[in-house]
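Please examine the sequence and structure shown below.

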Amino acid sequence: MAASVCAEQVAFRYPQHGYGLAPVSLTARSGERVLITGPSGCGKSTLARCLTGLIPHLYRGELHGAVWLDGLRTTETPLWRLAERAGMVFQNPAAQLLATSVEEELIFGLENLGLPPATIRERLEAAVAQFGLEPLRQRAPQTLSGGEQQKVALAAIMARRPPVLVLDEPLSMLDGTAAATLVTEMAALARAGTAVMVCEHRAEYLSEWPELRTVRLGEPTNQRVNRAENWHGEGLASRPPFTLTVEGVTVRLGGRPVLRELSFSARGGEFLAIVGRNGVGKTTLLRALAGLQKYEGHIAVEDGRPVLGLVFQNAELQLFNASVREELRYRLPVVDETFYAYLLAGLGLTPYETTPPLLLSEGEKKRVALATVLLRQPRDGVLLDEPSLGQDAAHKAMLVRLARGLTAAGRLVVVTTHDLALAAQADRLLLLGPEGTTAAGPPAQLFRDPAPWARLGLWVPPWIQVPGVAD
Amino acid sequence: MKSPARGKARRGAVATRLATVADSPLRQVDPRVKLALSLGFSLTVMLPLAQIAAALALYALLLLWGRLLPLAARQVWRLKWVLLAIFVVDWLFVSLELAATITLRLTLLAGTFTLFFATTTPGELRLALEWLHVPYRYAFSVSLAFQSLTLLEEEWHALREAQQARGAWSPPASWRVLLAQLGDWVALSVPAAVMTTRRAWAMTEAAYARGFDSPHRRPYRRLTLTRLDWGLLALAVAGGALLLVWRLV
């Protein structure tokens, strides 16, 4: 059978900074499943763009080797023809949604296929049903949660039914149940003949796919060491003990209640993980804690309002300077150079000090955004919205070490995440449901009790390891 | 206790705006007709004082029916200082009649396109432009720009929030609010430009990834004129034609 995708020694260098993709060859035939893995910044997203023809059609740079899609060489074929053969779901869903409603978002790609209106309607309805988008159908994509946006982005591509599907970290913003559902759907697509290629750090979800082929990319192509050094909170001023109290907090967005009468407390020096289904209000809660979101109720520490730095789920929003160095020092009158050096090393950013942050990988951007917050030493702690997004296993471990460093200095670390492996490392877990807190307690205790997870409709994968709990 | 957050919630603001638009009876009117109505009313700026006042009153009635009067009033209110300055200068240096005429003309112009922009989705704008034989790629770009206009305010909020989140900015809380806002404009203009460019690029890439440049595109929706549309269109065309004839003859 002819290969749907064939890449021969394909490599790419961006003109601005030279990093990109080291030479790699791969093929995928109809119905094959390929997992593309590798450390953060190794070029997975660049490879995905090469495979779908976006490179070189939309990106300038040095492309070596060749890619064929259904026998068509990508360099010599118009992009629209390639788009009919290969659909790509980008890593950042917020950036790829164009329309003013979810329905229009799905229709856009179908119109471009030249389908008759009746077929468009049929595929639209099928995609809405398949992804459970009926309640969101008339909502503006910009008003959805990150996970919901991810589902819409996937539906918009899958409705086009391309023979090759390239997904760049499709599970990163999905809760366990939604991730498992998506994996099942991708498997069904593969069985129906679609070549499915997935760049993913949460590879455990794909481990039960039969005949999954793994392509592992090497170290980042910049030839510089991208490893975080152990950092245990050195340089951080310590914070006297305090308690954060959240009492009866309600938030409405556009008249719709997102959080209802939420109450909990957390103490300084604690690593708290908040877990819940997509759209349950995790990001909204962090925004309220950071003072960015209007709310009814009470959020306070003993000294008054809490001072907590927030790293957004979409870290790109926080980055716009010409280099990592400038980004970190932006509007900072005095810089503690020792702490600055600790942070760069601790977050594995030293090699990128002069690189424009926007040219880094998603995982690296996230770490730069975290460094910008930490350098200001927020008094009470930090709030991290989906911090493991785009991070490989080594960097996730680094995140946990960093959280430990912060808590050792008396800071509160609050993390919202779908990554239960990360959540299992926290001191305490808070399960958030549509009606508020469903359960709270140490991970070892909560992971033993399936009831609260079932009430939330959250699936706990069997591979989750909780520290201190034997199998 | 109320939260310290200032300004509208970003995501909530978008949802509220779309809900307001959906409530208007003008939402059901064909975008081409609304464009004709807006253009027709904008032509009334050629009229002398008494007739301009009458046109303004007529337009206000239309907005009232369309439940858009408060929105249009807010838009005009934003220009209050400019309008006041023009009125005072014209009154002092020319005459009260000219000052009133110019001020009314500007007021009318400021609110004329409210009925179009507040009740038309970018998709409908694109369809209207395509009906006018504007090539699809340009119609799509204009509609995207139109959509982005409504997002600019949210982007600005996002940018300030991003700075606030990392402790690089605090909401101004003193009498020097205006000065502080001016400072924001200067300091945040570069990041805003970067952010807008980035968003535009990401949208371009996403559009091409879904076959935006396909020559085989086939629209799902088509515009059709109802009886109400025809009636309003006839009024707009007749009114505009009368004005032009009156002005030219």
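Is Arg239(A) buried or exposed? At 12% relative accessibility, Arg239(A) is buried (under 20% relative accessible area; exposed means over 50% and partly exposed in between, with a 1.4 Å probe and protein chains only).

## Basis of the model

This is a predicted model, in which local features need pLDDT of at least 70 and side-chain atom pairs count only at pLDDT 80 or more, while totals for chains, interfaces and linings use all residues. Residues are numbered from 1 along each chain as its sequence is written, chains are lettered from A and ligands numbered from 1 in the order in which they are written, and side-chain values use heavy atoms, leaving out hydrogens and water.

## Salt bridges

Over all chains, the structure holds 27 salt bridges (a side-chain nitrogen of Lys or Arg within 4 Å of a carboxyl oxygen of Asp or Glu). Arg239(A) pairs with Asp303(A), their closest N and O atoms lying 3.3 Å apart. Asp303(A) is partly exposed, at 47% relative accessible area.

In chain B, a salt bridge of 2.8 Å, N to O, joins Arg27(B) to Glu124(B). Both Arg27(B) and Glu124(B) are buried. Shared partners link Glu103(A), Glu104(A), Glu125(A), Glu134(A), Arg137(A) and Arg221(B) into one network of salt bridges.

## A buried threonine

Thr44(B) has a relative accessible area of 7% and is buried. Beyond its neighbours within four places in sequence, Thr44(B) is in contact with Ile52(B), Ala55(B), Leu108(B) and Leu243(B) (heavy atoms within 4.5 Å).
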